[in-house]
Amino acid sequence: PLMLLFIQVKCYHEIITIGYRVYHSYDLPWFRSLSWYFLLCVNYFFYGETVADYFATFVQRREQLQFLIRYHRFISFALYLTGFCMFVLSLVKKHYRLQFYMFAWTHVTLLITVTQSHLVIQNLFEGMIWFLVPISSVICNDITAYIFGFFFGRTPLIKLSPKKTWEGFIGGFFSTVVFGFIFSYFLAQHQYFVCPVEYNSETNRFVTECEPSELFQMKKYSVPPLLQAVLGWETVNMYPFQMHSIALSTFASLIGPFGGFFASGFKRAFKIKDFADTIPGHGGIMDRFDCQYLMATFVHVYITSFIRGPNPSKLLKQLLILQPEQQLSVYKTLKSHLVEKGILQPSLRG
């Protein structure tokens with residue numbers, strides 16, 4: 001999380017600095033101060049949400065934290081309102097339109113960097129494999145698309161990036177799908193990569209130990225008849241996650257590059273080559289992460305839509321926070337439900 005926070009702040013700084021360079025001659029009051037203030041507010045909100053979701057038992061033991069978590073959203077909203085009022089008070093008659101441009105600039109930058117960084121953290125808590133496979137797929141696609149484009153490229157792909165070719169685009173796609181499929185196979189064999197990251201309040205440490213879900217248990221699949229003649233196999237053993245890796249790799253190679261095209265168009269609009277010069281020869285941090293943020297959002301949507309189900313561990317943590325009478329009420333309701341389904345005997349006493 002600390003590394004992600006550093007990358008997020010650096011990307012935010014690079015984009016905000018572009019706006020400042022364009023409009024600094026107008027001497028807009030409080031622009032930079034308010035930009036950083038809003039960054040602080042939004043980070044406070046998202047990190048607070050993460051603490052409330054994943055550190056519930058730890059918070060339960062700290063009375064001062066209970067207050068902050070209980071009223072977290074109200075505090076976050078109050079902080080944002082303070083910045084909003086400061087912006088209104090900073091309005092200068094001759095610069096109204098420009099100041100609202102910069103207000104929108106700041107909020108769009110927050111959406112691009114902070115919101116999507118939060119989604120990366122959410123993906124990490126689902127298991128390292130949901131972070132490593134997508135980020136590696138984007139990197140693989142960048143490399144293989146360049147190689148195929150360098151040796152076989154003839155047909156231009158898009159005007160925003162004259163060096164991109166259809167040959168590189170297609171070659172990168174197939175290479176990335178194969179890479180993601182194989183890389184997923186090796187990662188799926190280790191608990192450290194597939195188990196959700198959970199906070200152990202007894203040891204005050206993050207743990208990645210669990211009984212791997214069905215996604216990461218080897219299964220036998222029938223090979224389609226058309227491929228049987230080619231491969232000579234009727235069945236094949238693989239992890240179900242490898243099938244999901246195809247979807248992740250496909251997005252990384254077909255849609256992910258549009259994050260780079262968007263960044264190219266953005267830089268052309270402001271007549272700059274790179275977002276910054278943080279990395280000699282490669283531009284700024286944002287130049288390296290333009291596709292990664294889009295990928296992180298897709299992974300989060302994919303997990304919530306097709307993968308994630310009820311989380312017993314998270315539910316238990318929430319139950320432990322309840323008052324004793326509330327816990328007893330939940331217990332009685334659950335017991336009654338299990339008796340009705342025939343899972344528990346009616347005579348069983350609790």
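A nonpolar core is a set of buried Ala, Val, Leu, Ile, Met, Phe, Trp, Tyr and Cys residues joined through side-chain atoms within 4.5 Å, where buried means under 20% relative accessible area, exposed over 50% and partly exposed in between (1.4 Å probe, protein chains only). This tour starts from such a core. The model is predicted, so local features need pLDDT of at least 70 and side-chain atom pairs count only at pLDDT 80 or more, while totals for chains, interfaces and linings use all residues. Residues are numbered from 1 along each chain as its sequence is written, and side-chain values use heavy atoms, with hydrogens and water left out.

**Whole chain**

Show the C-alpha trace: the atoms fill a box of roughly 80 × 65 × 35 Å along the principal axes. Colour by secondary structure to see 15 helices and six strands; these are DSSP runs numbered from the N terminus, with helices being H or I of at least four residues and strands E of at least two. Of the 350 residues, 37% count as buried. The protein exposes about 21,400 Å², and carbon and sulfur atoms supply 66% of that area, as given by the Shrake-Rupley method with a 1.4 Å probe; for residues, only the protein chains shown count as cover.

**The cores**

Select Cys11, Trp105, Leu110, Val114, Phe275 and Met286. In the largest nonpolar core, which has 25 residues, these touch the most other members. Helices α1 (2-23), α2 (31-54), α6 and α13 (285-307) each supply at least two residues of this core. A second, separate core has 20 residues, including Cys195, Leu248, Phe251 and Ile303.

Return to Met286. Leaving out residues up to four places away in sequence, Met286 touches Cys11, Glu14, Ile15, Ile112, Phe275 and Tyr293; contact means heavy atoms within 4.5 Å.

**Thr106**

Next, select Thr106 in helix α6 (residues 96-126). Thr106 counts as buried because its relative accessibility is 4%. Beyond neighbours within four places in sequence, Thr106 is in contact with Tyr12, Ile16, Phe31, Ser35 and Phe38.

**Aromatic cluster**

Stay on Phe38, which is buried at a relative accessible area of 2%. The structure holds 28 aromatic pairs: rings of Phe, Tyr and Trp (its six-membered ring) with centres within 6.5 Å, called stacked when the planes are under 30 degrees apart, edge-to-face when over 60 and tilted for the rest. The rings of Phe38 and Tyr80 have centres 5.3 Å apart and planes at 45°, so this pair is tilted. Phe38 is in helix α2 and Tyr80 in helix α5 (residues 72-90), so the pair ties together parts 42 residues apart in sequence. Tyr80 is partly exposed, with a relative accessible area of 27%.

Now select Phe84 and Phe103: their ring centres are 6.5 Å apart and their planes at 65°, so the pair is edge-to-face. This pair links helix α5, which holds Phe84, to helix α6, which holds Phe103, over 19 residues. Phe84 is partly exposed at 36% relative accessibility, whereas Phe103 is buried at 18%. To see the cluster, select Tyr37, Phe38, Tyr80, Phe84, Phe87, Phe100 and Phe103, which ring pairs link together.

**Surface patch**

Phe151 lies in helix α7 (residues 129-152) and counts as exposed at 54% relative accessibility.
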